[in-house]
Amino acid sequence: MWGVDLLKYVYRTGLRLWTKIRTNHDVCRRKELTDLLKKRFVFELESSAVNRPPSLSSPPIATMQTNPVLVESAVVFSVVMCVHMAVWNQHSWCCVALVIQAFYVQHKWDRLLRNGNAVFQWRLSANSGIVPAVMVMPLLGVALREKCAASGNVYFERFSMVVTVTGMMLALFLSLLALGITRPVPTNTCVIAGVASSAILYTVKQTLTVSEVIEVLEVLLIFVYLSLIVLYLLPRCFTPGEALLIVGGISFIVNQLIKRSLNMAEVKGEPVHYFLPVVVVGSLLLGVFFALLFCFMESETWVSSLFFHMMTAVLGLGILMPWLSLLIRRHPIMWLLDFVTLNDKRLCLLGYWVLLATLATLVVLHQNYQRQSGSKKHQASTVVRKYFHLIVVATFVPGLVYDRQLLHVASVGCLGAFLLLEYVRYFRIRPLGQLLRQLLTLFLDERDSGPLILTHIYLLLGMSLPIWLFPGPCAPKGILPGAGGLVPYAGVLAVGVGDTVASVFGSSMGEIRWPGTKKTVEGTATSVFAQIIAVAIFLIFDPTINLNSTYSWIVGSITMVAMLEAYTSQIDNLLLPLYLFILLLL
């Protein structure tokens with residue numbers, strides 16, 4: 001019987017094999033026929049085009065298109081040259097060399113992103129953004145140094161030089177990373193990067209002391225390890241340029257906080273300025289700890305949620321509060337109560353801000369109610385998203401006019417609250433985690449391609465960074481002359497007014513598009529005009545602003561930043577205020 005079974009098995013196996021061969025043969029035959037028909041169709045089409053009379057032939061189609069990356073790089077190079085012509089020192093020459101080598105390196109990064117060989121998972125639908133990102137910190141340090149040197153503040157002048165060199169070192173590290181993983185090795189780019197690096201290192205040797213060089217290396221070390229952690233835990237959240245800007249800024253803040261904590265005798269300055277470093281470091285520790293912990297346990301259970309709340313309270317009350325009290329030499333809560341209740345004006349501002357926060361919450365709830373009653377695929381339009389820009393403008397302008405210190409503290413508190421709520425949403429911490437996911441999904445756009453929703457945090461940072469970075473010790477009576485009087489308003493002008501008007505008018509009435517982008521000429525033009533009108537309004541309500549015939553510089557700065565907004569694919573809420581801040585600071 002086993003012989004019969006063997007014959008049956010051989011027969012069935014042979015039948016299956018023959019059926020498979022016939023199927024593959026039929027598929028290949030159909031593919032050959034399809035390819036033959038395609039070739040014949042193309043041949044007949046070309047023949048008809050050749051035999052067509054010249055009068056009926058279609059006009060040639062232009063294949064030349066403007067590359068947005070080139071225009072973006074040209075705008076950044078224009079900003080660098082403006083800074084160089086205004087300052088003209090060794091570091092400004094290094095900035096010119098840095099932007100040239102960054103232009104070559106950006107093409108290598110863009111190729112790595114297209115081929116999927118860029119080590120980490122970066123944000124989709126955007127280029128690498130190396131050129132605009134790597135120039136922010138060096139240009140910021142050069143501009144701050146010029147103001148501090150003019151006021152005679154030697155300490156902050158040296159500090160600004162450290163900022164400049166730190167930005168250059170971070171940029172060179174990112175360039176070295178791109179050149180190291182590019183195959184084949186780009187010889188020309190390596191030569192240009194080597195020349196720029198040699199010039200920068202020679203300038204560092206001539207201008208910085210040994211202790212300042214060690215400080216730069218400490219920031220670079222923190223940046224390397226922090227980048228590995230953040231980019232591994234948060235894929236597709238950043239482009240290489242955005243990662244350099246954000247992680248580099250956090251690394252610098254962490255190093256400064258550690259340095260000042262170890263040298264308590266040298267701690268000086270306003271207590272207001274210590275809230276931001278403590279909040280940033282505390283939020284970083286909380287996020288990294290729970291991101292690693294929840295890799296090994298579920299975060300959606302009540303036990304995990306209670307542990308999250310308990311550890312947050314321990315971090316805040318047991319670590320951050322004592323740390324802050326050592327820096328400001330007072331209990332933080334008592335100092336905050338005295339600070340808020342100093343006068344009636346601050347209480348009125350707080351009440352007004354609470355009213356605006358309630359209004360923003362009602363807008364979110366109303367939009368989600370419309371989604372539930374309508375289509376499930378309903379997304380908030382561009383105009384609806386810009387409602388929040390207008391609310392933020394209405395929040396920041398009274399604070400800038402009447403009490404900038406209170407606005408500084410309030411914006412830092414808002415940053416801490418936003419980061420905490422984003423952790424709750426991301427980890428699905430009960431009882432608010434799932435609710436926040438449902439509410440904020442409506443406002444997602446193409447830039448929120450990673451696990452985090454960062455658009456609202458970028459908006460807050462864009463409005464607040466000019467206030468946090470304002471060189472108060474280098475400004476007599478807290479006021480800068482000329483165009484510097486508008487420096488705290490850089491975020492309001494670039495993001496609150498310019499970006500909002502450009503987006504609304506460009507999407508509703510724009511017809512002529514900038515070559516290579518979706519942005520319109522009408523949107524950019526109305527953005528520039530709206531910012532000029534906003535400057536005139538600020539002159540009326542803020543008596544501390546005295547432009548001193550610097551109108552042409554202000555209009556030119558606003559125009560360059562508006563062109564950068566039209567061509568950049570990076571986070572404009574973060575990039576535009578920093579460039580306008582640098583230009584107005586000169």
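Is Arg 425 buried or exposed? Arg 425 is buried, with a relative accessible area of 4%. Buried here means under 20% relative accessible area, exposed means over 50%, and partly exposed lies in between (1.4 Å probe, protein chains only).

The model is predicted: local features need pLDDT of at least 70, side-chain atom pairs count only at pLDDT 80 or more, and totals for chains, interfaces and linings use all residues. Residues are numbered from 1 along each chain as its sequence is written, and side-chain values use heavy atoms, with hydrogens and water left out.

The chain has 586 residues, of which 48% count as buried. Its secondary structure comes to 21 helices and 0 strands. These are DSSP runs numbered from the N terminus (helices, H or I, at least four residues; strands, E, at least two). Contacts are heavy atoms within 4.5 Å. Among contacts between residues at least 6 apart in sequence, 79% join residues at least 24 apart. The accessible surface of the chain is about 30,200 Å². Carbon and sulfur atoms account for 69% of that surface. Areas come from the Shrake-Rupley method with a 1.4 Å probe; for residues, only the protein chains shown count as cover.

Salt bridges come next. The structure holds 10 of them. The criterion is a side-chain nitrogen of Lys or Arg within 4 Å of a carboxyl oxygen of Asp or Glu. Side chains of opposite charge can pair when their charged atoms come close. Arg 425 forms such a bridge with Glu 422, the closest N and O atoms being 2.7 Å apart. Both residues lie in helix 15. They are 3 residues apart, about one turn of the helix. Glu 422 is also buried, at 3% relative accessibility.

Another salt bridge joins Asp 403 to Arg 346, with 2.5 Å between the closest N and O atoms. Asp 403 lies in the loop between helix 14 (382–402) and helix 15 (404–427), and Arg 346 in helix 13 (residues 344–373), so the pair ties together parts that are 57 residues apart in sequence. Asp 403 counts as buried at 9% relative accessibility. Arg 346 counts as buried at 5%.

Glu 212 and Arg 158 also form a salt bridge, their closest N and O atoms 2.7 Å apart. Glu 212 lies in helix 8 and Arg 158 in helix 6 (residues 154–181), so this pair links parts that are 54 residues apart in sequence. Glu 212 is buried, with a relative accessible area of 10%. Arg 158, at 26%, counts as partly exposed.

Helix 8 (residues 210–233) also holds Ile 229. Ile 229 belongs to a nonpolar surface patch with Leu 221, Tyr 225 and Leu 228. Together the four have about 400 Å² of accessible area. Patches are made of residues with over 30% relative accessible area and no salt bridge; like charges are joined within 9 Å, and nonpolar side chains (Val, Leu, Ile, Met, Phe, Trp, Tyr) within 5 Å. Ile 229 itself is partly exposed, at 34% relative accessibility.

Backbone geometry follows. Most residues other than glycine have a negative phi, and most peptide bonds are trans. Arg 428 has a positive phi of about 60° although it is not a glycine. Arg 428 is found in the loop between helix 15 and helix 16. Its relative accessible area is 31%, so Arg 428 is partly exposed. Pro 431 is placed in the loop between helix 15 and helix 16 (433–440). A cis peptide bond joins Arg 430 and Pro 431, with omega about 5°. Trp 88 likewise has a positive phi of about 60° and is not a glycine. Its place is the loop between helix 2 (68–87) and helix 3 (90–115). Trp 88 counts as partly exposed, at 48% relative accessibility.

Gln 438 lies in helix 16. Gln 438 and Arg 425 are 13 residues apart in sequence and 9.4 Å apart in space, C-alpha to C-alpha. Leaving aside neighbours within four places in sequence, Gln 438 is in contact with Asn 368 and Arg 371. Gln 438 is partly exposed, at 42% relative accessibility.
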